[in-house]
Amino acid sequence: MRRNHYILICALSLTLWVFVSHYIFLGRTNFDFSTNSENVDKKLNELSADINSELELHDSMIENLQQNIIAKRREKEKAEHERMQVVINNEKFHYSNSAIPVVVIACNRVSISRCLDMLIKHRPSVEKFPIIVSQDCNHEATTNVIKSYQNQVHLIQQPDQSEISVPPKEKKFKGYFKIARHYGWALNQTFYEFNFNSAIIIEDDLDIAPDFYEYFLGTYPLLKNDPSLWCVSAWNDNGKPNLIDTRSPELLYRTDFFPGLGWMLTKDLWDEISTKWPRSYWDDWIRQPEQRKDRSCIRPEVSRTRTFGKIGVSNGMYFDKHLKFIHLNSEFVPFTKLNLTYLLRENYDVEYVKLVYSLPTVTYEELKMNTIQHNGAVRIAYYTKDQFRRNAKFLGLMDDFRSGVPRTGYRGIVSFIFNSRRVFLAPHPSWRGYDPTW
Ligand SMILES: *[C@@H]1O[C@H](CO)[C@@H](O)[C@H](O)[C@H]1NC(C)=O
Ligand SMILES: *[C@@H]1O[C@H](CO)[C@@H](O)[C@H](O)[C@H]1NC(C)=O
């Protein structure tokens, strides 16, 4: 600021000096050449033309200077506005102010390279999507794999490796206690040490779709603007190929069931839940009504993540029976260019609910026998927990509940494909809320 003024004053003084010196010169010439009036006129005209052109030159110089100064100031303001400095492991980095870090939760799986390779391959911008690998366990071989990525990722390591006291009955679930401690620490680092405003959390055994980043970028404004949303997830719990419409990769839903497995949250949510973060089973804890507070997540028809890890804390059977069949999207959808306002609660709760309850109801038997006369979407009604479970089993859907919410459910409604037909498994139209005892 001060320096800019100084330059301006210098430029003005210079102009003034040129102006004054020419007048003095003009005055002198008047005396010296007064004998020949024709000559004098000619000289005067020449001189005044000189002065004018010099003045113009200086005017344009000053204008240039001013424009330069303004441009420099704007640039600086813009840079300050759009970049943030982050100190990680005592080193300074600069990221976009709207950066969404991808926090990879790691422990002792060297196969994390498969996950990191994909994250780096599909990453559209380093400034916008810093990758932070948070490692628990101090497993050296895994640390070395992560370090081999050098400055493409930031490695942070959970310092508290102390034994965790676990109630005797839960001894075999000790891993879940360690995971909860690690998540809590990693998210605290992300939001309170590094000061990011939002983050995408994934685990080290996930593949990602080519439009993984685009999906989160496109849905970010929804998460930011709709207080009834608290997460965006890349995962469809019923995402097996025969249960989804793979030709509709752009299709998104709201769900009351927290899916995890590649999910985005804001710092505001972390502010709210970090102080009461549980010692274990954090994902089922977060699904409880006290935490969820009737909020929903966005989830896709076709998953943007797929787990490749068989060995983990949760047993391999779940992987073999279910997880490994989830279909990973392969087509890039330009979510940031799509109109996603249909997902805002005020629109969705009118349009989606109206659509579902305007459909003809059928039974599972009719669906299976293919005796329905038309090709359009239908609804299967359920009224009790057992009815839901029985139908879900028949249809190949996940049949479990958490805090009364079925997987992928929104207002109790589960959407899926059966024999190429869109079907909604839906409760009574006068549904009034989940029953946590289900
Ligand atoms: C995160 O940091 C806050 C503030 O320092 C602290 O109260 C909280 O216990 C920490 N949470 C976890 C899960 O580490
Ligand atoms: C987005 O879609 C909604 C309908 O869901 C429509 O009312 C709105 O005008 C659209 N916005 C734009 C910018 O096209």
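I began at strand β11, where Leu252 stands opposite Pro300. The model is predicted, so I kept to its limits: local features need pLDDT of at least 70, side-chain atom pairs count only at pLDDT 80 or more, and totals for chains, interfaces and linings use all residues. Residues are numbered from 1 along each chain as its sequence is written, chains are lettered from A and ligands numbered from 1 in the order in which they are written, and side-chain values use heavy atoms, with hydrogens and water left out.

**Entry: β11 and its partners**

I took helices (H or I, at least four residues) and strands (E, at least two) as DSSP runs, numbered from the N terminus. Two strands pair if DSSP finds at least two bridges between them. β9 and β11 run antiparallel and are joined by four bridges. β8 runs parallel to β11, with three bridges, and Val232 stands opposite Ile298 in β11.

I then looked up the cover on β11 (residues 296-300). Buried means under 20% relative accessible area, exposed over 50%, and partly exposed in between (1.4 Å probe, protein chains only). Five of the five residues in β11 are buried. Ser296, Ile298 and Pro300 lie on one side, Cys297 and Arg299 on the other, and both faces are covered.

**Entry: Asn238**

I found Asn238 in the loop between β8 (229-233) and β9 (252-255). Asn238 is buried, with a relative accessible area of 3%. For contacts I used heavy atoms within 4.5 Å. Neighbours within four places in sequence aside, Asn238 is in contact with Leu243, Ile244, Leu397, Met398, Arg407, Thr408 and Val414.

Two of these partners I followed up. A polar contact is a pair of N or O atoms within 3.5 Å; within protein, one must be able to donate a hydrogen and the other to accept it, and residues adjacent in sequence count only if both atoms are side-chain atoms. The side chain of Asn238 reaches the backbone nitrogen of Met398 at 2.9 Å. The side chains of Asn238 and Thr408 are joined by a polar contact of 3.5 Å. I noted that Asn238 and Thr408 are 170 residues apart in sequence, with 7.2 Å from C-alpha to C-alpha.

**Entry: the sheet with β16**

I traced an open sheet of three strands in the order β13-β17-β16, with mixed pairing. β13 (378-381) and β16 (414-418) stand at the edges with a single partner strand each, so one side of each has no neighbour in the sheet. From one strand to the next the twist averages 30°. β16 pairs with β17 (residues 421-426) in the antiparallel sense over five bridges, and Ile417 stands opposite Arg422 in β17. Helix α11 (residues 345-358) packs on the sheet and touches β13, β16 and β17; its direction makes about 100° with that of β17. Axes here are lines fitted to C-alpha atoms, for helices over the stretch in contact, and angles run from 0 to 180 degrees between N-to-C directions.

**Entry: ligand 1**

I listed the residues around ligand 1 (a heavy atom within 4 Å): they are Gly184, Asn188, Ser274 and Trp277. A polar side-chain atom of Asn188 lies 2.3 Å from an oxygen atom of ligand 1. The protein covers 46% of the 360 Å² of accessible area that ligand 1 has on its own; such areas come from the Shrake-Rupley method with a 1.4 Å probe.

**Entry: Lys178**

I placed Lys178 in helix α5 (residues 174-193). Lys178 counts as partly exposed, at 31% relative accessibility. Beyond four places in sequence, Lys178 is in contact with Asp136 and Ile164.
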